[in-house]
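This report covers salt bridges and nonpolar cores. Keep the sequence and the 3D view open while reading.

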Amino acid sequence: MTNNILICPIKSEDDKALAAIIRASLEEFNAAKPGTVYFDETTDDLTTSFLADRSAYFVATVDKEVVGGGGIYPTKGLPKDTCELVKLYLSPAARGKGLGKMLIEHCIKAAVNNNYKKMYLETMPELITALPLYEKLGFTYIDGPMGNSGHNGCSLWMIKAL
C-alpha cells in the first residue's frame, strides 16, 4: 500500500464499489446472513442514506481506488446523544494497514462535531478482525442491542463514551 491514502465524505460514484466491498467482506467471513447489511437495500445507495441530519459516511481510497468506508448514523430509537458506527468495511488488501482506525477516528470526530456523547455499534463474532480494533479504541461490550437498526443478525453490541 502506498502513501496515497485519502479519507473523504462519500460521493454517489462511490456507492457501487462500497456495496461490493461490504457484501464481499460479509461473504468472506461467512456472515452474509439475513438481518445484516448484506441484505439491507440501503447498502446499494449509501450516499442517499447519509444525507440524514447528524450522519456522515467516509470513504477510504488508495491511489484513487475505493478500498472501504465507515460512517455514523442517528439510528432510530437510540438516545439523542448516541450515534451508531455503521457499515465499516475494508477490502482484504486494505486491512491491517491502519485504515480501519483512521476511518473510526474520522467517525468519532464527526460524532463529536454533531454533539454526540456516545457511539454504539453492532457486530458479529464472525468479524474477528474488527473486534480487537473496537476494543483497542475503547469500545466495551454491552448485554443487548440499543435502538432499532433492523439488523437482528448481529449478536454483539458495543458502546464508547466520546
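## Lys33 and Glu126

Lys33 is partly exposed, at a relative accessible area of 26%. Partly exposed lies between buried (under 20% relative accessible area) and exposed (over 50%), using a 1.4 Å probe and protein chains only. Glu126 is also partly exposed, at 26% relative accessibility.

The two form a salt bridge, with the closest N and O atoms 3.1 Å apart. The pair links distant parts of the chain, 93 residues apart. Glu126 sits in the loop between β5 (118–123) and α4 (130–136). Lys33 sits in the loop between α1 and α2. A salt bridge here is a side-chain nitrogen of Lys or Arg within 4 Å of a carboxyl oxygen of Asp or Glu.

## Basis of the values

This is a predicted model: local features need pLDDT of at least 70, side-chain atom pairs count only at pLDDT 80 or more, and totals for chains, interfaces and linings use all residues. Residues are numbered from 1 along each chain as its sequence is written, and side-chain values use heavy atoms, with hydrogens and water left out.

Helices (H or I, at least four residues) and strands (E, at least two) are DSSP runs, numbered from the N terminus.

## Two bridges from helix α1

The whole structure holds five salt bridges. One of them joins Arg23 to Asp44, with the closest N and O atoms 2.7 Å apart. Arg23 lies in helix α1 (residues 15–28) and Asp44 in the loop between α1 and α2 (46–49), so the bridge ties together parts 21 residues apart in sequence. Arg23 is buried, with a relative accessible area of 19%. Asp44 is partly exposed, at 46%.

Arg95 and Glu28 meet in another salt bridge, at 2.9 Å from N to O. Arg95 is in the loop between β4 (82–90) and α3 (99–113), while Glu28 is in helix α1. They are 67 residues apart. Glu28 is partly exposed, with a relative accessible area of 40%.

## Nonpolar cores

Which residues have the most contacts inside the largest nonpolar core? They are Ile72, Leu85, Ile104, Met119, Tyr134 and Phe139, in a core of 28 residues. Such a core is a set of buried Ala, Val, Leu, Ile, Met, Phe, Trp, Tyr and Cys residues joined through side-chain atoms within 4.5 Å.

The elements giving two or more residues to this core are β2 (56–62), β3 (65–73), β4, α3, β5 and α4. The largest share, seven residues, comes from α3.
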